[in-house]
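Hi,

Here is the structure I promised to pass on. Have a look at it first, and then read my notes below.

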Amino acid sequence: MQEGVSLKPYNTFGIDVKARHFAAFHSLQELQDLLPTLRNMPFLISGGGSNMLFTQDFEGAFVLNRMVGIQEVLRTEEEVVISAGAGENWHQFVQHSVSLGYGGLENLSLIPGCVGASPMQNIGAYGVEIKDVFEYVDAVEISTGTLRRFHLEDCAFGYRESVFKHQLKNQYIICSVAFRLSLNPKVNTSYGVIEAELERMSVINPSIKDVSQAVINIRKSKLPDPAVLGNAGSFFKNPVVPEAVLDKIRSTYEKVPSYPAGEGNVKLAAGWLIEQAGWKGKRFGAVGVHELQALVLVHYGGGTGKEVYDLSQAIIEDIQQKFGVILEREVNIY
Ligand code: FAD
Ligand code: NAP
């Protein structure tokens, strides 16, 4: 354990707060050795810090999961199950799978962070969520130190949701995640912009590598690189609302985008609502709303997490007032 460590390098917002204690573990044994100490204090497990906002110093232990290693655990003629350590970089793991011709993760290219956080909010992008290729997660129960395997039916995956964010919050540390990938992949290009990018790339019969590259190109063109500009991706979830709410918005905004979300409900694009409300590209001192994607709040440097949080609160209140929709934060606040 180190004491009084700045978390600036460990959160992609680049917020300069201190953790009272700081540690990293690289194996199950190191984690088991650390657990008795951790049980005596509040602590936070982290991979890449790309889904976190610190509004104050962290008065506990900030602990990096650095368990790495990728293994093939099962192979049939059609599929392969591959398990990755929680500390593996997500994008490198996706690229590794794509390079081996294993299909299923390509739409999730270039998402920052580590493998271990991927089940936390069932990460998703461009029409795919990890639940679509998920096999199991191995996690250590904090109170007992025992390793437990969770299968798909145990994880209660939903839109940016899982059992680990709710019923089992702060009860398990994820050590590895296994995915069932296809050896005869069919690409998923149903998300409109992928088709358009493939056309721009002059690709006719796209491979998983082409889809991965298309996603990388799209993301690079509109999302800020955290290494250059502090951010944690989408700050808010896309709200799922009853159709009546959509009808009301449509009476003023004829072209409001919406997507089916189960019986009588629709998903609205939070970024579109924020943009219509006039927030896109606005800067307030050290923080602001990204100029190309209004769903992303940014930190220009030298600011505080509280400033980002206050901006998010002002946006929530404005969207509620203008559209009657309450936005929910996706980023974890500490
Ligand atoms: P961290 O921020 O370190 O942790 C996130 C949460 O998971 C915390 O609650 C933490 O305590 C917990 N946690 C982390 N590791 C473990 C573990 N091993 N065991 C138990 N709990 C753990 N997300 C998407 O879903 N889709 C996207 O397309 C997407 N795009 C993004 C683009 C950008 C530019 C950025 C900055 C972020 C984006 N995100 C996206 C959000 C983020 O990258 C993902 O949620 C990612 O999975 C977070 O990984 P991490 O390792 O950085 O998690
Ligand atoms: P976008 O393409 O501008 O679209 C705006 C929103 O509309 C998206 O958030 C998406 O919802 C929804 N949408 C668009 N086309 C859709 C379709 N065919 N079917 C269902 N929903 C559709 O979005 P973007 O901001 O550039 O992001 C592109 C993708 O990357 C999205 O899937 C987004 O979730 C993901 N992403 C996530 C984060 C994050 O931090 N969570 C950050 C950047 C990008 P969904 O979000 O539900 O897909």
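One term before we start: two residues are in contact when they have heavy atoms within 4.5 Å. By that rule, five residues of domain 2 are in contact with four residues of domain 3.

Some housekeeping. This is a predicted model, where local features need pLDDT of at least 70 and side-chain atom pairs count only at pLDDT 80 or more, while totals for chains, interfaces and linings use all residues. Residues are numbered from 1 along each chain as its sequence is written, chains are lettered from A and ligands numbered from 1 in the order in which they are written, and side-chain values use heavy atoms, with hydrogens and water left out.

On to the domains. The protein is split into domain 1 (2-65), domain 2 (70-182) and domain 3 (230-333), with bounds that come from an automatic or database domain assignment. Domain 2 and domain 3 have their centres, taken over C-alpha atoms, 28 Å apart. Between these two, about 450 Å² of area is buried, with 38% of that given by carbon and sulfur atoms; buried area here is the accessible area (1.4 Å probe) that two parts lose on being put together, summed over both.

Next, the second largest pocket. A pocket is an open set of points on a 1 Å grid over the protein atoms alone, where a 1.4 Å probe fits, with protein on both sides within 12 Å along at least five of seven lines; lining residues have an atom within 4 Å of a point. This one has 19 lining residues, and Thr12, Phe13, Gly14, Pro226 and Gly230 are those nearest its centre. Domain 1 and domain 3 both contribute to the lining, so the second largest pocket lies between them.

Two residues in the loop between S11 and S12 are worth a look. Helices (H or I, at least four residues) and strands (E, at least two) are DSSP runs, numbered from the N terminus. Alanine 156 sits in the loop between strand S11 (147-151) and strand S12 (172-182), and its phi is near 45°, a positive value in a residue other than glycine. Arginine 160 is in the loop between S11 and S12 too, with a positive phi near 60°. Most residues other than glycine have a negative phi.

How exposed or buried are they? Buried means under 20% relative accessible area, exposed over 50%, and partly exposed in between (1.4 Å probe, protein chains only). Alanine 156 is partly exposed because its relative accessibility is 46%, whereas arginine 160, at 14%, counts as buried.

Cheers
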